[in-house]
Amino acid sequence: MFIDILLALVCALSFLPLTTGYCAYSYGRSFWLWFTLGCVLPIVSFFILFALLYRKEMDRGEQLLAEAKAILAKADARARGVEIPDED
């Protein structure tokens, strides 16, 4: 019984650091750094990472870069003879 409760507690406590690390890794940041920060400062690190990612996504330069990458990918696909449907 005690081991079951201990295992449930460990799983519950590791959820936020794993989520923080995964989000950081998916945006090109260090998984282990953000996992460690998530273990030390669970709620604070999640909101700091959220603010950093939000700032990056709202940056007009990043938006233009994403649009340019999409245009280049579409042009490359057309050059290879593969048609990509429009997202508009």
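Cys39 is partly exposed, with a relative accessible area of 44%; partly exposed lies between buried, under 20% relative accessible area, and exposed, over 50% (1.4 Å probe, protein chains only). The model is predicted, so local features need pLDDT of at least 70 and side-chain atom pairs count only at pLDDT 80 or more, while totals for chains, interfaces and linings use all residues. Residues are numbered from 1 along each chain as its sequence is written, and side-chain values use heavy atoms, with hydrogens and water left out.

**Cysteines**

- The structure contains zero disulfides, a disulfide being a pair of cysteine sulfur atoms within 2.5 Å.
- Cys11 takes part in no disulfide, and its nearest cysteine sulfur, that of Cys39, lies 13 Å away.
- The 13 Å from the sulfur of Cys39 to the closest cysteine sulfur, in Cys11, is too far for a bond.
- Cys11 is partly exposed, at a relative accessible area of 46%.

**Helix α1 with helix α2**

- Helices (H or I, at least four residues) are DSSP runs, numbered from the N terminus.
- α1 packs against helix α2 (residues 31–40) at an angle of about 150°, and their axes are 8 Å apart; axes are lines fitted to C-alpha atoms, for helices over the stretch in contact, and angles run from 0 to 180 degrees between N-to-C directions.
- The two helices, α1 and α2, are therefore roughly antiparallel to each other; angles over 145 degrees count as roughly antiparallel, under 35 as roughly parallel, 65 to 115 as roughly perpendicular and the rest as oblique.
- α1 passes α2 in a right-handed crossing, meaning that the near helix is turned clockwise from the far one by less than a right angle, whereas anticlockwise is left-handed.
- On the α1 side the contact (heavy atoms within 4.5 Å) is made by Pro17, Leu18, Thr20, Gly21, Tyr22, Ala24 and Tyr25, and on the α2 side by Phe31, Trp34, Phe35, Gly38 and Cys39.

**Helix α1 with helix α3**

- The axes of α1 (residues 2–26) and α3 (residues 42–58) come within 10 Å and cross at roughly 20°.
- This angle makes α1 roughly parallel to α3.
- The crossing in which α1 passes α3 is left-handed.
- Leu16, Thr19, Thr20, Cys23 and Ala24 of α1 meet Pro42, Ile43, Ser45, Phe46, Leu49 and Leu53 of α3.
- By class, the contact of α1 with α3 comprises eight nonpolar, three polar and no charged residues.

**Helix α2 with helix α3**

- α2 and α3 pack at an angle of about 140°, with their axes 5 Å apart.
- That angle makes α2 oblique to α3.
- Trp34, Leu37, Gly38, Cys39 and Val40 of α2 make the contact with Pro42, Ser45, Ile48, Leu49 and Leu52 of α3.
- The contact of α2 with α3 divides into eight nonpolar, two polar and no charged residues.

**Asp76**

- Asp76 is placed in helix α4 (residues 60–80).
- Asp76 counts as partly exposed, at 42% relative accessibility.
- Asp76 and Trp32 are 44 residues apart along the chain, and their C-alpha atoms are separated by 35 Å.

Note on methods:
Ala, Val, Leu, Ile, Met, Phe, Trp, Tyr, Cys and Pro count as nonpolar, Asp, Glu, Lys and Arg as charged, and the others, Gly among them, as polar.
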